[in-house]
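Hi,

Here is the structure I said I'd pass on. Have a look, and my notes follow below.

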Amino acid sequence: MSARVASFLDKGGTGKTTSIAHLGVALSGQGHDVLLIDLAGKQGDLAKTFGVWQNVQTAIEDDDAWPNISTVFDDAWETIVSKLGDEAVEELIVQTNEGVDLIPAHPGLDTLDAELANIDDASERYSRFQRFLDDYVDPLGYDAVLIDLPGMTTNVTYNGLWAAQNVLAPVEMGPFEAEQVGALRNDLSKVEANFDVSVDLAMVLPNKVDSRTKLASEYLDAYREEYPRAIAPKCVPSSQDIRNATEQGQSIFALDNPSGTARKARDAYRTNAEALIERISGN
């Protein structure tokens, strides 16, 4: 089975997509075959990060984006596979210029939460994405599958958590984010208690950190004390280059002349990627 991790915190803007993208590129640079999957919604932020969103959007507008990621949750998915064979899964995957493959988001994800809610049996409702990964993605031989989840708790979110069984929680240096990590840990305990599915908080990743401030140092110390097993080896510094690179459709690893903070961020992502793959491979 591929090593799997889902990026999640019940809050938008904490760097879930950015973290998944850069950790994926870092793992690829370390020799791993990596697949990224965007379940975060129709906006296609992962595809935008790698500069492939325009082609994906054109296919959607031309009604050529079928099958797509939303169809793998459908009762008819096996029928689709029986008709298309290997092409059913191959059609989902987009190659990027930075060594990682991507299954991009699709507008069908936005109605998927309500559709899943109509499934009475909770185990059936939450295990559909896991079956897709087990039966159709694992045979492709990826070393790691990294999943970007919505910034809120939905039926799609629970599918991603259930399937990955490992969670990456990017956090900023603030009281609300600290509370949300605690709430996430409690929610994972409830999932295990109610469904006998163990979902591990694999990494708490301090993100957008300005180490010059006293507040950042205090929160870092608090995270290290509260999550000694899960805390990332290195925090990711705040860097304008990360935003600039994303707007240009690339990661900071693709920048020709990165700033000092971008170089520190690269180093952090590489170190954290190595630690993450060790943790999730052992679970």
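**Salt bridges and the sheet**

D221 and R224 sit three residues apart in helix 11, about one turn of the helix (helices are DSSP runs of H or I, at least four residues, strands runs of E, at least two, both numbered from the N terminus). They form a salt bridge, with the closest N and O atoms 3.6 Å apart; that term means a Lys or Arg side-chain nitrogen within 4 Å of an Asp or Glu carboxyl oxygen.

Before the rest: this is a predicted model, where local features need pLDDT of at least 70 and side-chain atom pairs count only at pLDDT 80 or more, while totals for chains, interfaces and linings use all residues. Residues are numbered from 1 along each chain as its sequence is written, and side-chain values use heavy atoms, leaving out hydrogens and water.

Helix 11 also has E218 and K214, four residues apart, whose side chains meet in a salt bridge (4.0 Å, N to O). The structure holds 13 salt bridges. One of them joins R229 and D200 at 2.6 Å, N to O. R229 is in the loop between helix 11 and helix 12 and D200 is in strand 7, so the pair ties together parts 29 residues apart in sequence. D200 is buried at 17% relative accessible area, while R229 is exposed at 58% (buried is under 20%, exposed over 50%, partly exposed in between, with a 1.4 Å probe and protein chains only).

Strand 7 is also an edge strand, as is strand 3, in an open, mixed sheet of seven strands ordered 3-4-2-5-1-6-7; pairing takes at least two DSSP bridges between two strands.

Cheers
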